[in-house]
Amino acid sequence: MTEAQPRLRAALRGIPVYKPGKPAVSATGAPVYKLSSNENPYAPLPGVMETVTNAAQSFNRYPDMACAGLTAELAKRFDVPESHIATGTGSVGVAQQLLQATSGPGDEVIYAWRSFEAYPIITQVAGATSVPVPLTDGEVHDLDAMLAAVTDRTRLIFVCNPNNPTGTVVRRAELERFLDRVPSDVLVVLDEAYREFIRDPQVPDGTELYRDRPNVCVLRTFSKAYGLAGLRVGFAIAHEPVAAALRQTAVPFGVSQLAQDAAVASLRSEEALLERVDSLVAERTRVYEALTEQGWTVPETQANFVWLRLGDRTLDFAAACERAGVVVRPFQGEGIRATIGEREANDLFLRAAAEFRKEL
Ligand SMILES: Cc1ncc(COP(=O)(O)O)c(C=O)c1O
């Protein structure tokens, strides 16, 4: 045996680790509610469950590699050509394909920070250089600063709308102004993972903005509002060259037949699913108002989570929540993100927040 190790790419050194939300078990082993991963708290709809159970009868077979049924359904749903749709293993899988398709060593990728924690990881995996642009004091994307960060090496810009973990949004006028100024050979990815939770009419729908902008790509997912996080299916809507590049970079057979069939069944059960989203939005309002009443400064959120900036009290707050029976997502030294869950879970979170507030 030689001592030599396989040579790995230098780009992987020091790569940030993706921290999944903690599971619903506390340090003492007591069951707790999981408000740490922005998941949908509702169990799958019975019809969707039945579809998945049926699909499971034939998982000895490979799935439809082209995701033809799902692609046709999505094209109809969004009124776009089928050639503009590309599916992948969750929208994070599609985001990684976008990096592979556009960026390599020497290229730059701009995103707001803090934002979705996968952006720096997938950028570094591609060998490209991250250009994080701080959020404004109001926790919103600083689109002017992002524009100023564009160089002739910029290949891709993420705009996370609403932003994870702050829940804040960019509105139509500012986003259109930004898109009009970004060079047309730079791909702008509108990550709309939480689109269905938006109630602010001023927030534009990326699937409209992309139509006359060949350098705009919209990312959507079935993981959040549609409740299919564990099945891993997301998609992009983009003009043909970008969508075709996504098909080139896809892992063959990445999206399972269970996921494809569940996604189609979910689109067909959209009404029932979106009613659940309405309930979560009502809970969001309740949680937001209660926190504000308690004296917290909470950025206005259009997603299924709230953000509390806690600085060096972050881990203490997360521990206090866990003792109270809810797991939230701490970002050490910055703040916590708490998903809007079932009413009982939200009540426990609010009680923990009220208690903590008294100690500040
Ligand atoms: C902004 C954003 N984009 C994309 C994703 C990825 O979701 P998925 O890969 O489950 O579609 C997430 C998940 O947390 C997210 O917050």
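Modeller: Let us begin with a definition: a residue is buried at under 20% relative accessible area, exposed at over 50%, and partly exposed in between. The model is a predicted one.

Biologist: Why is Asp 79 called exposed?

Modeller: Its relative accessibility is 61%, and the label exposed applies over 50%; therefore Asp 79 counts as exposed. Asp 79 lies in the loop between α2 and β2.

Biologist: Is Asn 38 buried or exposed?

Modeller: The relative accessibility of Asn 38 is 1%. Buried means under 20%, so Asn 38 counts as buried. Asn 38 belongs to the loop between β1 (33-34) and α1.

Biologist: Why is Lys 224 called buried?

Modeller: Its value is 15%, and the limit for buried is under 20%; Lys 224 therefore counts as buried. As to its place, Lys 224 sits in the loop between β7 (216-221) and β8 (234-237).

Biologist: What does the UniProt record say of Lys 224?

Modeller: An unreviewed UniProt entry annotates Lys 224 as "modified residue: N6-(pyridoxal phosphate)lysine". Such annotations may be inferred rather than shown by experiment. The unreviewed entry also carries "domain: Aminotransferase class I/classII large", covering residues 32-340. In the model, that span is 39% helix and 18% strand, and its end C-alpha atoms lie 14 Å apart.

Biologist: Which residues are in contact with Lys 224, and what makes a pair a contact?

Modeller: The criterion is heavy atoms within 4.5 Å. Leaving aside neighbours within four places in sequence, Lys 224 is in contact with Ser 37, Asn 38, Asn 40, Ala 193, Tyr 194 and Phe 197.

Biologist: How large is the largest pocket, and which residues are closest to its centre?

Modeller: About 470 Å³ of space lies in the largest pocket. It is lined by 26 residues, and those closest to the centre are Tyr 18, Ser 37, Phe 116, Tyr 194 and Lys 224.

Biologist: How do you know that a residue belongs to a lining?

Modeller: A lining residue has an atom within 4 Å of a point of the pocket. By class, the lining of the largest pocket has 9 nonpolar, 8 polar and 9 charged residues.

Biologist: What is the make-up of the second largest pocket?

Modeller: Its lining has 11 nonpolar, 10 polar and 2 charged residues. The volume of the second largest pocket is about 390 Å³. Of its 23 lining residues, Met 65, Thr 87, Arg 247, Ala 250 and Val 251 lie nearest the centre. At least two lining residues come from each of β2 (85-88), α3 (90-102) and α8 (240-249).

Biologist: Why is Cys 67 called buried?

Modeller: Cys 67 has a relative accessible area of 2%. Buried requires under 20%, so Cys 67 is buried. Cys 67 is found in the loop between α1 (46-55) and α2 (68-78). Apart from neighbours within four places in sequence, Cys 67 is in contact with Thr 87, Val 255 and Gln 260.

Biologist: Why does Asn 346 count as buried?

Modeller: The relative accessibility of Asn 346 is 1%, against a limit of under 20%; hence Asn 346 counts as buried. Asn 346 is in helix α12 (residues 343-359). Beyond four places in sequence, its contacts include Leu 35, Glu 283, Arg 286 and Thr 339.

Biologist: What makes a set of residues a nonpolar core?

Modeller: Its members are buried residues of listed nonpolar types, joined through side-chain atoms within 4.5 Å. The largest such core has 81 residues, and those with the most contacts inside it are Phe 178, Phe 222, Leu 291, Phe 317 and Phe 349. Apart from it lies another core of 24 residues, among them Ala 118, Ile 122, Cys 217 and Ala 238.

Technical notes
Residues numbered from 1 in each chain as written. Predicted model: local features only at pLDDT ≥ 70, side-chain atom pairs only at ≥ 80, totals over all residues. Heavy atoms only, no water. 1 Å grid on protein atoms, 1.4 Å probe; cavity = no way out; pocket = protein on both sides within 12 Å on 5 of 7 lines; lining within 4 Å. Points joined across faces, edges and corners; volume = space filled by probe spheres on them. Nonpolar A, V, L, I, M, F, W, Y, C, P; charged D, E, K, R; others polar. Helix = DSSP H or I, 4+ residues; strand = E, 2+ residues; numbered from the N terminus. Buried < 20%, exposed > 50% of the residue type's maximum accessible area, 1.4 Å probe, protein only.
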